[in-house]
Amino acid sequence: MSFVRYLFLLLLCFVGVGLAAAQDHPVNYDEAKVPAYDLPDPLVMEDGTRVETPEQWRKSRRPELLRLFEEHVYGRMPKGAAEIRAKVVNECLALGGRAVRREVDLLVSGKADGPIRLLIYSPVGVSGPAPAFLALNFMGNHSIQPDPEIMLSTQWIGNRAGHGIEDNRATEASRGKLSSRWPVERILARGYAVVTAYYGDIDPDFDDGFANGVHPALDPEGDAERKPNEWGSIGAWAWGLSRALDFLEEDELVDAERVAVLGHSRLGKTALWAGATDERFALVISNNSGCGGAALSRRCFGETVARINRVFPHWFCERFRSYDNQESRLPVDQHQLIALIAPRPVLICSAEEDRWADPLGEQLAARAAAPVFRFLDSASLVHRLRPGEHDVTDEDWTAYMDFADREM
Ligand code: GTR
C-alpha cells in the first residue's frame, strides 16, 4: 500500500471513530420504543446469594452496592478527613426579626479558589435547635432570597459547560433571582431552618480537567492520570453537603439529627448520592433528578447515559462512559441508589411534562427500590408526580414539608 493511501485510510478511521463517538441515539419519548430490560435485584448479592436478614443487608449488600456505584457511576470520594476550618463571616437577625441569618465560610485546606460559604436561616422562637432543609443552590446564596444583607458570591456563576466564564459574576440585580424555588419565609414559619451553599463554591460546573474546586485540594498528589473510578463533580458536590452537615453538628442553630438533604435536577442527583454515602442525613428528597439520579438508566427514555456523559463529561467517573449506549451492562441501576438510602425516608418528585428526566422511569425506580424498604421495615419511600414542568414550585415545598413533618 502506498504511503499516501495508508495515510488516507488512517484519516478515514479517525473520522469514523470520531463520528461514532459523537453519535447519540435519537432521544426517545415513545414508550413503545423503550427496550426490554432486566433490573439487577437490590436484594441479591453479586455472587448470586439472596440477602436473608437486615444484618446481611447492612454488613454485606449495602457496602457492595455502594462500592459498585463508586466504581462505575459517581467515583470514589476521598477517604481521609480534609482539613477544614469554619469561620462565621456574617450574622444578624433577619426577615423582620423572624430569623437568625448566619453565613459561615468553610475553608478547605489547599483549595485555592475560595471557601465554601454556607448560608443559614434559622427560625426565631422555636424551642431548641431547628430541623433543617439542606440544599445546594445554582446561582449563589444571594439568589435564594432578596435579602440585601446576604454576602454576594464572588465565584464564577453558571451551570452550563462552555459559558463565557468572565461574564458570569454575581450582581446586585441577581439577588433573589431564584427565590421562587426557595420559599424561605414559609419554611421558617413551619419551624424549619434553611441551609444552603452555592454548588460552584465546591466545584465550578464546567469541564476543566478537575483543576479547580475541591478536586486539586483532595485528589492524591502526583495523580497526573485520572483513574476510571475517580470522583467527578457530582461526587464533589455530595462531599460538600456532608461537610456542611459536619458543621451543623457543631452549630447550635440546627438539629443535625434532623437534616433533610434535597436538590433539584443535577443537584437532585447530588442529593441522592449524598444520602446514599452519608447515613447521617435523616431524610432525602430528589426533585426532577432524571438520568444519573432517580430515573432508570436502562429505559433510555429522554436523557441517556451517552448523552449525559458527552455533554457533562465532568459529572460522573470516567468508567461510567463505558456504558454509553450499553446500559444493560451496568452492574447497577438507579433504583439501587434509592435503596441505599433505606430505611431512611425518601421522597422522589417528578413532573409530568419533564420528559427529559423520565418521570415514569423515576416512578419505576422507586417501585423497584421498595422491596428493600419493606425488607428493612420501612414504609417511608414515596414517589410524587405533579403536573407541570421541570422546576421547583411552591406546591413542591408544601409536599417536602408535609413529608418531613411526618417522617423526620
Ligand atoms: C440538563 C441535564 C439534566 C439536568 C439538568 C439540570 O441539561 O441534561 O441531567 O441535570 O440539566 O441540572 O438543570
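Predicted model: local features only at pLDDT ≥ 70, side-chain atom pairs only at ≥ 80, totals over all residues.
I will start with the ligand. There are 10 residues around the ligand, and those that come nearest are Ser 265, Arg 266, Lys 269, Glu 303 and Trp 356.

For Glu 303, a polar side-chain atom is placed 2.5 Å from an oxygen atom of the ligand, while for Ser 265 the distance from an N or O atom of the side chain to a ligand oxygen is 2.8 Å. Trp 356 also has a polar side-chain atom facing this comparison, at 3.0 Å from an oxygen atom of the ligand. As for the cover that the protein provides, the ligand taken alone exposes 310 Å², and 87% of that is buried by the protein.

Now to the cysteines. How many disulfides does the structure hold? The count is 0. Cys 300, for one, is in no disulfide, and the nearest cysteine sulfur, which belongs to Cys 291, is 9.0 Å away. Cys 317 is likewise in no disulfide, with the sulfur of Cys 291 again the nearest cysteine sulfur, here at 13 Å. Is Cys 317 buried or exposed? Because its relative accessibility is 1%, and buried means under 20%, Cys 317 counts as buried.

Conventions. Residues numbered from 1 in each chain as written. Heavy atoms only, no water. Disulfide = S-S within 2.5 Å. Buried < 20%, exposed > 50% of the residue type's maximum accessible area, 1.4 Å probe, protein only. Near = heavy atom within 4 Å. Polar contact = N/O pair within 3.5 Å; in protein donor to acceptor, adjacent residues only side chain to side chain. Areas by Shrake-Rupley, 256 points an atom, 1.4 Å probe, with all protein chains shown as cover.
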